[in-house]
Each structure stands twice: as C-alpha cells, then as structure tokens.
Amino acid sequence: MNGPQDLGGQMGFGPVAPEKDEPYFHAEWEKRALGVTLTAGAMGAWNIDESRHARESLHPADYYASSYYQIWIKALEVLLKRHGFITQSDLAAGKAVDPAATPKRVLKALDVATVLAKGGPCDRPVATPARFQAGDRVRTKNFNPTGHTRLPRYARGKNGTIEAVRDGFVFPDSNAHGKGENPQWVYTVVFEGAEIWGEGADPTLSVSIDAWESYLELA
C-alpha cells in the first residue's frame, strides 16, 4: 500500500544517519516489546505479512511520531483486537476484563531458542515454470494498491533487467489479507540509476530489488 513506511525516494526526511555502535535496544521496555510481539505472533492467528500491513496501516502522523518499537506495539494492539485476544476495555483497564479468544498455540519460555532458530521460512514450490529468465528486459507494473505489497513506489512503472531467478515464495500481497499463500517466482531485477531517479542521477548507480512475478511484464 502507499503507506507511511514506503519512504524510498521521498524528500524532506533528511539523510540517513546511522548511530555509531548503536545498541540493540535503547530502553528496557523495547526488549519486552520485541518479546511480546514475537510471542503473540507465535499464537498462530496471523502471519508476518498481516503483521507488516498492520504497521503500514497506522496513520502517517502517528507512524512518523513513533519509534521503531512503538510502531510494533501499536500494530500489535490492532492485531490482538482484530483477532479477539483483547478489547479496548482491556487496554483501558491495563488488564483482561473481557472474554478472549483461545490461541492455537502458546510459546513456552523453554522453547523460545528453538523456535527462533527455526525461523519462518517462506519459500514454497511453484506449480508453473518461471516466466522470465536472466537477461530479460522487464517493466514493473504501475499500480497503487490499498492493501499490502512489497513493490516499492519508486520502482513502479520502471524498465529493468532480470539479473537472477530466485525460488518460489509466498505472495505477500494476498497472504496479508487471508487470501492464501499463492506462491510465485521471485526475481532480482536491476535498474539503471537514471531510470529510477531521473535526470541528474549518478550515472554509476544501479538499483536492484527482488520482485514477485506478478509485479513484472516484458518490456
């Protein structure tokens, strides 16, 4: 979606300023925010794409005024309410006051290391052969969806070249909205800097993205 998270090519936000020797957490509550979010996700009520879409759906003013883990927690509240685990009354009271849904599973402390090490692989077999091959000239589609997508705005409607054919992966645009995994081939597509950034772009620059097959058409 064209949400506040899609900042590629946007002006007015200043340069990226990495913090030297940045710690993993800037406050103790951020550790708990990470733990609560991962534990809630392990209940099995939503997937990573729905989780990302919940963050993208925050109002831009709220999103930009929030820190990284504040965004996580605000989106988690949305997900927990959507799936019946908490209510607004629970949040207001700071404790459970209403009946709640039963999770599919509960992550135990002793299992955390094993679950994290296993991760959540999203590669899947695809029934049809890859439509494109390395070296093909392609054009990304130009669309403005209201739902989740992994094709950034700056790379829409642009001509590029397939650099590599990757494996099949869950299609996030449908998976985020309960419409199935619908795996597709993913390709690494390379664009010349001028194609992305226009006149005056650094002529030595190239930009590559990983794109699902349905984002692409032959140039």
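Which residue in strand 5 is the bridge partner of Arg-139? It is Glu-217. Keep in mind that this is a predicted model.

Strand 1 covers residues 137–140.

Next, the helices. Helix 2, residues 48–56, packs with helix 4, residues 68–82. The angle is about 115 degrees, and the axes are 8 Å apart. The crossing is right-handed. Who makes the contact? From helix 2, we have Glu-50, Ser-51, Ala-54 and Arg-55. From helix 4, we have Ile-71, Trp-72, Ala-75, Leu-79 and Arg-82. By class, that contact has 5 nonpolar, 1 polar and 3 charged residues.

Last, the largest pocket. Its volume is about 1,200 Å³. It is lined by 38 residues. Closest to the centre are Gly-41, Asn-47, Ile-48, Gly-119 and Gly-120. Which elements each supply at least two residues of the lining? Helix 2 and helix 4 are among them. So are helix 1 at 28–41, helix 6 at 112–118 and helix 7 at 172–175. Strand 4, at 206–212, also supplies at least two. The lining divides into 19 nonpolar, 10 polar and 9 charged residues.

Terms used. Residues numbered from 1 in each chain as written. Predicted model: local features only at pLDDT ≥ 70, side-chain atom pairs only at ≥ 80, totals over all residues. Heavy atoms only, no water. Axes fitted to C-alpha atoms, helices over the stretch in contact; angles between N-to-C directions. Helix = DSSP H or I, 4+ residues; strand = E, 2+ residues; numbered from the N terminus. Left-handed = near helix turned anticlockwise from the far one by under 90°. Contact = heavy atoms within 4.5 Å. Nonpolar A, V, L, I, M, F, W, Y, C, P; charged D, E, K, R; others polar. 1 Å grid on protein atoms, 1.4 Å probe; cavity = no way out; pocket = protein on both sides within 12 Å on 5 of 7 lines; lining within 4 Å. Points joined across faces, edges and corners; volume = space filled by probe spheres on them. Pairing = 2+ DSSP bridges.
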